[in-house]
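The structure is shown first.

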Amino acid sequence: MPDRPPATAPARDGAPSSAPGSRGALRRLFGGLPATASGRDLWAALGEAGLIEWMYPDGAVAAGVASERLAHVLAAAGERFSFGSTMSLCVQAATTLPLLAGGSGPCEEALRRALAGQAVVALAATDTTAGSDLASLRTEARLGEREAELNGAKRWINNAMAAEYLLVLARHRPGPHFTNFTWFLVPADAPGVTVRPSDTVLFDGSDTGDIDLDGVRLGNEHIIGRVGMGFAAFIRHIGPERLAGALWSVELCRGALDSTLRWLKNRPYGNGTLWDLESVRQRFAKSLIAVHQLQGLCDRLRARVVDGHDNTAAAMLKAAAGTTVNHVMETCGQLQGSHGFSTGGVQQLRAQAAIFGISGGATEIVRSIVAESAQEELDRLRLPAEQDVPLSAPVAL
Amino acid sequence: MDSGFIDLLRRQLKVDAATEIAADSPLRDLGMDSMRSIELLFTIEDTYGITLPDSELNETVFGSPGSLWAAVAAQLPPEQVAR
């Protein structure tokens, strides 16, 4: 289990106030960077301060990120930097580095540099095919005795433009079976690699790019982990990413509702303000409750995700985060009226935050995973047997 | 096949005791999809303390209980393999 803050620390902080990763320390660290800093700048600052390593308790990177610590970093970054810059930290810390830690040789050097903030590593999974259909990806790896050759294309890859290294998911056999895929460590400057910016204005600071791989030849020491374990390793690490993403989405929604509440209380309407309108309060309260529900779900499912590697629990979090963020941002956008369309306003955030329902498993995909375990999840909702409920204590559902 | 292995399969596939799991039953027909296959792989390696070799990570091995058990049994000491 990841280190927990001592009882004296704020309950939802990833660290006690005096620790290197406390919110105050993170604010001081990030305060030394310009507000226009890119994800790469943030990564470098975190690495230099030892805070990337801090996100992996006991230095066990392969065991996965401590989701609460990552969420804490994301929340602090989101206070000052663009959505894109903040987003670029999430996948790299949650999934990319733990996958990289499964490799040897050049992977060890890449990991050492990444942990120190000296190198950015991009996770290149999504192909030119539909992102929701990863098993149909076309990027191919021809495996030889001593080297592999990669051909294909990756799209919408976070950090691609800033990366020294790419983690490329490729198929070494035709067909959709989960054992047909393998991860490769590709130096971004290897012959045959071309990277260009993705066509979007929404994610500034994220260095999102499209990658072409044309006859990229690598020694077999660039194979990460076992041949055929690409999908399985990915699934093993995506749970903490989904938990961290859900925790971050709670913070994002809280911030949007907070600024909306201030706006409503200060916006004159009739003899009072917009906040005096019952219809406005009803709508606001509905969103507020939804965010509390999401936070409660994070608490309830945390152990299943972190300790149990439970993919259904992680999928539930991902589905809930995607729908809650969309609902809250839509509400805040509507309540703020034309003010929401100001530069950097909630309507911009709404468009950016829609990524929660798309990237890393679209809402419909993760709901399908939940549906696969429908009966077990229904059974988990049963009240405990009467004899198991202490009369003096509240029922813990 | 080892009875413990069949029990493990039954739990992973979420099939009841009445459903027959034969050595040549197609795992796909028993409800094995990609996600469950991955969970099964991790469960097998954790339970038996083995690492399946790269050469055994393929669709044929994961096609039936018999082929999967053969791959697992090959990694176990002989005294641990039930007859």
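Over residues 1-76 of chain B, the chain is 46% helix and 0% strand, with end C-alpha atoms 13 Å apart. Helices (H or I, at least four residues) and strands (E, at least two) are DSSP runs, numbered from the N terminus. The UniProt annotation "domain: Carrier", from an unreviewed entry, covers these residues of chain B; UniProt positions follow the numbering used here, feature names are shortened, and annotations may be inferred rather than shown by experiment.

This is a predicted model, in which local features need pLDDT of at least 70 and side-chain atom pairs count only at pLDDT 80 or more, while totals for chains, interfaces and linings use all residues. Residues are numbered from 1 along each chain as its sequence is written, and chains are lettered from A and ligands numbered from 1 in the order in which they are written.

| Property of chain B | Value |
|---|---|
| Order from the N terminus | α-α-α |
| C-alpha box along the principal axes | roughly 30 × 25 × 20 Å |
| Buried share of 83 residues | 23% |

A residue is buried if 20 or more other C-beta atoms, placed from the backbone, lie within 10 Å of its own.

The largest nonpolar core has 139 residues, and L167(A) is among those with the most contacts inside it. Such a core is a set of buried Ala, Val, Leu, Ile, Met, Phe, Trp, Tyr and Cys residues joined through C-beta atoms within 7 Å. Helix 7 (residues 230-266) of chain A gives the largest share of this core, 16 residues.

Conventions. Buried ≥ 20, exposed ≤ 12 C-beta atoms within 10 Å, placed from the backbone.
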